[in-house]
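I opened my notebook to get to know a new structure. Below are my entries, in the order I looked things up.

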Amino acid sequence: MSKRKKSNLQWIKETLELEEDHNWKSEEGNRIFVAGRGALRFDVPGDWHFSPQEKSFQFLDKKPPDDNCRLEASFNLLPPADWSEFPLVPLLKKVVKDDERNVIERGKVVKLKRQTARIVWMHIKFIDEPENREAYSRICIGLGSGVQCLITMDYWADDAERVIPVWDTVMDSLVLGLYIRDPRTGFAFPD
């Protein structure tokens, strides 16, 4: 059996001028993040630092090492199948149960239903060992239109009031599998 080549993935940043009648809409102060031509899309604060990783996308409230909050997202394209009965809640509970941090609190599962997606999330509170400081992590799993996403947000307990609205914006604006024909216009297939 031949060995698989190691991924030498490099991201290419490209800036395009939007058409005058473009269809992109976001709340003031936010920007729209789109990955995979629309496989994953949500709004983030416009001043957050974007840091692409090998298998995910990170948004930090400030440039490292001054960051206090990390929002991270990844997605997978799923094979054609009926995913409508896939047990998202048990999967999320297992992910949270298997978390190896010093968890001191687990929140309730929050379910969101969109026209083409099911989204579940919950939070945990833990003691960050290196800092001996209370922190939260929010974990979201979304499934719809042949796309599965994982979104997490880690933040210090004393930053909760400032960053929870960011999470709410991400959850409110999250769209899966709405593919964009031309990024300069923002129009989705089959517009």
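**Entry 1: burial and overall form.** I began with burial, and 38% of the 191 residues of the protein count as buried. Here buried means under 20% relative accessible area, exposed means over 50%, and partly exposed lies in between, with a 1.4 Å probe and protein chains only. I noted that this is a predicted model, where local features need pLDDT of at least 70, side-chain atom pairs count only at pLDDT 80 or more, and totals for chains, interfaces and linings use all residues. Residues are numbered from 1 along each chain as its sequence is written, and side-chain values use heavy atoms, with hydrogens and water left out.

Next I looked up the dimensions. Along the principal axes, the C-alpha atoms fill a box of roughly 50 × 40 × 40 Å.

Helices (H or I, at least four residues) and strands (E, at least two) are DSSP runs, numbered from the N terminus.

**Entry 2: aromatic rings.** How many aromatic pairs does the structure hold? I found 10. Rings of Phe, Tyr and Trp (its six-membered ring) pair if their centres lie within 6.5 Å; planes under 30 degrees apart count as stacked, over 60 as edge-to-face and the rest as tilted.

I checked burial for both: Phe33 is buried at 9% relative accessible area, and Phe59 is buried at 2%.

Then I turned to Trp121 and Trp167, whose ring centres are 5.5 Å apart with planes at 70°, so this pair is edge-to-face. Trp121 belongs to strand β8 (residues 117-128) and Trp167 to helix α2 (residues 160-173), so the pair ties together parts 46 residues apart in sequence. Both Trp121 and Trp167 are buried.

I also marked a cluster: ring pairs link Phe33, Phe42, Phe50, Phe57 and Phe59.

**Entry 3: charges over rings.** Which residue lies over the face of Phe126? Arg101 does, at 4.4 Å from the ring centre. Arg133 lies over the face of Trp156, at 4.1 Å from the ring centre. The rule asks for NZ of Lys or CZ of Arg within 6 Å of the ring centre and within 35 degrees of the ring normal.

**Entry 4: salt bridges.** A salt bridge is a side-chain nitrogen of Lys or Arg within 4 Å of a carboxyl oxygen of Asp or Glu. By this rule I have 10 salt bridges.

Arg101 came up again, now bridged to Asp154, with the closest N and O atoms 3.6 Å apart. Arg101 is in the loop between α1 and β6 (102-106) and Asp154 is in strand β10 (residues 147-156), so the pair ties together parts 53 residues apart in sequence. Arg101 is partly exposed at 31% relative accessible area, whereas Asp154 counts as buried at 16%. Arg101 and Asp154 also belong to a salt-bridge network with Arg70, Glu72 and Asp99.

I looked up two other bridges. Lys125 and Glu134 meet at 3.1 Å, N to O; Lys125 is buried at 14% and Glu134 is partly exposed at 35%. Asp159 and Arg162 meet at 3.6 Å, N to O; Asp159 is buried at 14% and Arg162 is partly exposed at 42%.

**Entry 5: the chain start.** Is Lys25 buried or exposed? Lys25 is exposed, with a relative accessible area of 62%, and lies in the segment before β1. The C-alpha atoms of Lys25 and Gly186 are separated by 8.9 Å, although these residues are 161 residues apart along the chain.
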